[in-house]
Amino acid sequence: SIHCVDVAHGRVAVGLGVRLCRGDGTPLASGMVGAKGLFEHPALMSDAIGPGAYEVVFAVGDFYRALGAAVPQPSFLEDVPYRFHIADAAQHYHLPFKFTPWGFSLFRGGA
């Protein structure tokens, strides 16, 4: 699961663009964060996710421009990549992404 929070505004990041690929660049899922702050895509809870390397990319610059935030062009953070590995697909991997226009935190939660 992927949960996104806009810490600068103290709310979940509804509308944040997210792309998920395998480590070799093969696309698996793309879309927007929903009302609960979750990136919900059928691929996330399917057999498409197994042991291996992955990359999630968060479209932070586009997110803040859509909100009308005063960010430079290009913004300090445009696309934020997060590369990680899954060793045991039977475990739950929760990926919280907390961010502002100027910084972010990524970690594995729920382990």
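In β7, phenylalanine 97 is the bridge partner of cysteine 4. That pairing belongs to an open sheet of four strands. The model is predicted. A second open sheet also has four strands, and the structure holds nine aromatic pairs.

**The mixed sheet**

- The strand order is β2-β1-β7-β8, and the pairing is mixed.
- The edge strands are β2 (11-12) and β8 (104-106), and each of them pairs on one side only.
- Strand β1 (residues 2-6) runs parallel to strand β7 (residues 95-99), and five bridges join the two.

**The antiparallel sheet**

- Here the order is β4-β3-β5-β6, with antiparallel pairing.
- At the edges are β4 (27-32) and β6 (79-86), each pairing on one side only.
- From one strand to the next, the twist averages 15 degrees.
- Strand β5 (residues 52-59) pairs with β6 in the antiparallel sense over eight bridges.
- Within β6, histidine 85 is the bridge partner of alanine 53.

**The helix and the sheets**

- Helix α1 (residues 60-67) lies across β1, β2 and β7. Its angle to β7 is about 50 degrees.
- α1 also lies across β5 and β6. It runs at about 25 degrees to β5.

**Aromatic pairs**

- The structure holds nine aromatic pairs. One of them joins tyrosine 54 and phenylalanine 84: the ring centres are 5.8 Å apart and the planes are at 25 degrees, so this pair is stacked.
- Tyrosine 54 lies in strand β5 and phenylalanine 84 in strand β6, so the pair ties together parts that are 30 residues apart in sequence.
- Tyrosine 54 counts as buried, at 3% relative accessibility. Phenylalanine 84 is buried too, with a relative accessible area of 12%.
- Tyrosine 64 and phenylalanine 99 have ring centres 5.7 Å apart and planes at 65 degrees, so their pair is edge-to-face.
- Tyrosine 64 sits in helix α1 and phenylalanine 99 in strand β7, so this pair ties together parts that are 35 residues apart in sequence.
- Tyrosine 64 is buried, with a relative accessible area of 1%. Phenylalanine 99 counts as buried at 1% relative accessibility.
- A cluster of rings, linked by ring pairs, contains Phe58, Phe63, Tyr64, Phe97, Phe99 and Phe104.

**A charge over a ring**

- The charged end of arginine 108 sits over the ring of tyrosine 93. The distance to the ring centre is 3.8 Å.

Definitions and conventions. Residues are numbered from 1 along each chain as its sequence is written. This is a predicted model: local features need pLDDT of at least 70, side-chain atom pairs count only at pLDDT 80 or more; totals for chains, interfaces and linings use all residues. Side-chain values use heavy atoms; hydrogens and water are left out. Two strands pair if DSSP finds at least two bridges between them. Contact means heavy atoms within 4.5 Å. Axes are lines fitted to C-alpha atoms, for helices over the stretch in contact, and angles run from 0 to 180 degrees between N-to-C directions. Rings of Phe, Tyr and Trp (its six-membered ring) pair if their centres lie within 6.5 Å; planes under 30 degrees apart count as stacked, over 60 as edge-to-face and the rest as tilted. Buried means under 20% relative accessible area, exposed over 50%, partly exposed in between (1.4 Å probe, protein chains only). A charge sits over a ring if NZ of Lys or CZ of Arg is within 6 Å of the ring centre and within 35 degrees of the ring normal.
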